[in-house]
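Take a moment to turn the model around before reading on.

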Amino acid sequence: AGHELTRRGALLVVEGLDRAGKSSQCEKLGDYLSQQGHTVKYIRFPDRTTPIGKLIDSYLRGSTNQEDHSIHLLFSANRWEIAKSIQEDISNGITIIVDRYSYSGAVYSAAKANPTLSLEWAWQPEIGLPRPDLCLFLSISAEEAAKRGGYGAERYENETMQTRVRELFRSLFNRQEDVAIINAGKSLKEVSKDIQVAVSKCVERLNVIGPLRVLG
Ligand code: ADP
Ligand code: FDM
Ligand code: MG
């Protein structure tokens, strides 16, 4: 007696287009959950610090080129190389906030309109990865995003890609469970409030959800 079972952490993903406010909201959510007494870790994909991540970084910055399927699998490998540590942290009671995940992975690659790289094909290497307990999709119109500054210089930061990515996110999230669509066009504070409500509901349900699941 005397020792309680450690309550597992939650796996929370924040997704959305460039400038939707993902990184800002990840930070606010981390502060909120810490104040609630949770141990919180923030991670982001791509994780540009690993050897695979360095290949991805130079691809995104345009210093190197990669075949579409090949770079797609590297993005996925970049998640697989961290999958075990995610599982361990979650079982040790740490809640993980993830800035982009498999959803960006499938959608950005499929947006290239390569005839042999469909959304379905792109999803396959994600199967078996830790499954988020909740994915928060920060939904924003092209007009609202444009108000938050122009495109950066990285590979996918152009009108054509962003338009396709928006459509593909929509069709992917239509058939995913455990997704909360958040209107990200509101103020920072309003958006963070909406996120807190969705996350609190999820965290309360963790004992019902049971152990961390895997993506199917
Ligand atoms: P992302 O990580 O999705 O690309 P960021 O969190 O980096 O987005 O935000 C992009 C820019 O928009 C930043 O300058 C940020 O301060 C601003 N921003 C984020 N959320 C909002 C919001 N709700 N309203 C107005 N500006 C915002
Ligand atoms: N991206 C991100 C992908 O193409 N595949 C992936 O699996 C992931 C996680 O990389 F354009 C794209 C999405 C975005 C870029 O940008 C990463 P940030 O600014 O580091 O989130
Ligand atoms: Mg960001």
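In which kind of crossing, left-handed or right-handed, does α1 pass α8? The crossing of α1 past α8 is right-handed; a crossing is left-handed if the near helix is turned anticlockwise from the far one by less than a right angle, and right-handed if clockwise. Before going further, note that this is a predicted model, where local features need pLDDT of at least 70, side-chain atom pairs count only at pLDDT 80 or more, and totals for chains, interfaces and linings use all residues. Residues are numbered from 1 along each chain as its sequence is written, while chains are lettered from A and ligands numbered from 1 in the order in which they are written.

Two packed helices are described by the angle between their axes and the distance between the axes. Helix α1 spans residues 22-35 and helix α8 residues 188-204; their axes come within 10 Å and cross at roughly 55 degrees. The two are therefore oblique to each other. (Angles under 35 degrees count as roughly parallel, over 145 as roughly antiparallel, 65 to 115 as roughly perpendicular and the rest as oblique.)

Now find helix α2 (residues 51-60) and helix α3 (residues 68-91), which pack at an angle of about 140 degrees with axes 9 Å apart. That angle makes α2 oblique to α3. Here α2 passes α3 in a left-handed crossing.

Definitions and conventions:
Axes fitted to C-alpha atoms, helices over the stretch in contact; angles between N-to-C directions. Helix = DSSP H or I, 4+ residues; strand = E, 2+ residues; numbered from the N terminus.
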